[in-house]
Amino acid sequence: MTNPIPVRLKSARKAAGYTQQQLGIILGMEPNTASARMNQYEKGKHTPDYQTMKRIADELGVPVAYFYCDDDLLAELICSLSKLDSQGKKEVLELIRKKQQ
């Protein structure tokens with residue numbers, strides 16, 4: 001199984017309109033190494049630790065679980081569900097539970 005983090009990171013970063021350098025700097029990386037570091041994450045040469053992934057997710061407006069999900073459809077569902085309020089999430093969960101019966 002291929003590591004989903006690099007592909008999802010690049011996709012989420014581009015969707016948010018950041019360059020690699022911009023995102024790195026926002027995350028507190030040195031400006032002269034931010035682009036190279038983000039590039040290594042997106043190429044899969046290095047994987048950020050969980051706390052870094054959480055900060056990236058927060059900045060890009062996606063749930064951290066999105067980066068770790070190896071199923072594309074489930075990853076999309078995770079992103080969509082995260083945008084719902086608590087009541088909306090409960091309603092969707094109830095629908096899912098009914099479908100499973």
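T47 sits in the loop between α3 and α4. Helices here are DSSP runs of H or I with at least four residues, strands are runs of E with at least two, and both are numbered from the N terminus. At a relative accessible area of 45%, T47 is partly exposed. The cut-offs are under 20% for buried, over 50% for exposed and in between for partly exposed, with a 1.4 Å probe and protein chains only. The C-alpha atom of T47 lies 8.1 Å from that of P6, although 41 residues separate the two along the chain.

The model is predicted: local features need pLDDT of at least 70, side-chain atom pairs count only at pLDDT 80 or more, and totals for chains, interfaces and linings use all residues. Residues are numbered from 1 along each chain as its sequence is written, and side-chain values use heavy atoms, with hydrogens and water left out.

Now the overall fold. The protein has seven helices and zero strands. Its elements run α-α-α-α-α-α-α from the N terminus on. The C-alpha atoms fill a box of roughly 55 × 30 × 20 Å along the principal axes. Of the 101 residues, 32% are buried.

UniProt, in an unreviewed entry, lists residues 9-67 as "domain: HTH cro/C1-type". UniProt positions follow the numbering used here, feature names are shortened, and annotations may be inferred rather than shown by experiment. In the model, residues 9-67 are 73% helix and 0% strand.

What ties the helices together through charge? Three salt bridges turn up in the whole structure. A salt bridge is a side-chain nitrogen of Lys or Arg within 4 Å of a carboxyl oxygen of Asp or Glu. D72 and R8 form one of them, at 3.0 Å from N to O. D72 lies in helix α6 and R8 in helix α1 (residues 5-16), so this pair ties together parts that are 64 residues apart in sequence.

The salt bridge of D58 and K54 has its closest N and O atoms 2.8 Å apart. These two residues are four apart in helix α4, a separation of about one helical turn. K54 is partly exposed, at 33% relative accessibility.

Turn next to the aromatic rings. The whole structure contains two aromatic pairs. Rings of Phe, Tyr and Trp (its six-membered ring) pair if their centres lie within 6.5 Å; planes under 30 degrees apart count as stacked, over 60 as edge-to-face and the rest as tilted. Y50 and Y68 are stacked, 6.2 Å centre to centre with 25 degrees between the planes. This pair links distant parts of the chain, as Y50 is in helix α4 (residues 50-60) and Y68 in helix α5 (residues 64-68), 18 residues apart. Y50 is partly exposed at 45% relative accessibility. Y68 is partly exposed too, at 37%.

Y66 and F67 pair edge-to-face, at 5.4 Å centre to centre and 70 degrees between the planes. Y66 is buried, with a relative accessible area of 11%. F67 is buried at 0%.

R8 returns at this point. Its charged end sits over the ring of Y66, 5.4 Å from the ring centre. A charge counts as over a ring if NZ of Lys or CZ of Arg is within 6 Å of the ring centre and within 35 degrees of the ring normal.

L74 is partly exposed, with a relative accessible area of 43%. Together with L73 and L77, L74 makes a nonpolar surface patch of about 290 Å². Patches are made of residues with over 30% relative accessible area and no salt bridge; like charges are joined within 9 Å, and nonpolar side chains (Val, Leu, Ile, Met, Phe, Trp, Tyr) within 5 Å. Accessible areas come from the Shrake-Rupley method with a 1.4 Å probe, and for residues only the protein chains shown count as cover.
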